[in-house]
Amino acid sequence: MGHTKAYAQYWQRAEEGQGFTKGTQAQVQEKIKALQACIHQNFYACTDEILKGLGQIYVANARLREAIDGAGGQGTAAFVGKTIEAKA
């Protein structure tokens, strides 16, 4: 996991601009919606329930958390997880 072309494309699209933690609450929610749409269009049907589970995984899985924080800055995974939780 993490070394496939699909995985790289996912993070490129999902993290475009790395700006999950920047902007107003409404702008951040729009970014979460865009993440959900990206997953839905490129990988599988991403319901709100699945998105909520992904948010929990982003925080709980150390390897994934490090990758997300590496792309967006320290604390990005936790922020995204909390934002997803608030949306779902």
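Predicted model: local features only at pLDDT ≥ 70, side-chain atom pairs only at ≥ 80, totals over all residues.
Is glycine 53 buried, partly exposed or exposed, and what is its relative accessibility? Residues are numbered from 1 along each chain as its sequence is written, and side-chain values use heavy atoms, with hydrogens and water left out.

Now to the answer: glycine 53 counts as partly exposed because its relative accessibility is 24%, where buried means under 20% relative accessible area, exposed means over 50%, and partly exposed lies in between (1.4 Å probe, protein chains only). This glycine is found in helix α3, and between its C-alpha and that of glycine 81, which is 28 residues away in sequence, the distance in space is 9.1 Å.

Along the sequence, then, the pattern reads α-α-α-α-α. Of the 88 residues, 32% count as buried, and the accessible surface comes to about 5500 Å², with 54% of that belonging to carbon and sulfur atoms; these areas come from the Shrake-Rupley method with a 1.4 Å probe, and for residues only the protein chains shown count as cover.

Next, how do the helices meet? The axes of α3 and helix α4, which covers residues 62–72, come within 5 Å and cross at roughly 90°, and therefore α3 is roughly perpendicular to α4. On the α3 side the contact is made by Ile57, Tyr58, Val59 and Ala60, and on the α4 side by Ala62, Leu64, Arg65 and Ile68, contact meaning heavy atoms within 4.5 Å. Axes here are lines fitted to C-alpha atoms, for helices over the stretch in contact, with angles from 0 to 180 degrees between N-to-C directions; under 35 degrees counts as roughly parallel, over 145 as roughly antiparallel, 65 to 115 as roughly perpendicular, and the rest as oblique.

For α2 and α3, the axes come within 11 Å and cross at roughly 105°, which means that this pair is roughly perpendicular. Here Ile32, Leu35, Gln36 and Ile39 in α2 meet Asp48, Leu51, Leu54 and Tyr58 in α3.

Staying with helix α2, glutamine 29 lies there, and this residue is buried because its relative accessible area is 18%. Apart from neighbours within four places in sequence, glutamine 29 is in contact with Thr83, Ala86 and Lys87.

Finally, tyrosine 44 sits in the loop between α2 (25–42) and α3 (48–60), and it counts as partly exposed because its relative accessibility is 37%.

How values were computed: Helix = DSSP H or I, 4+ residues; strand = E, 2+ residues; numbered from the N terminus.
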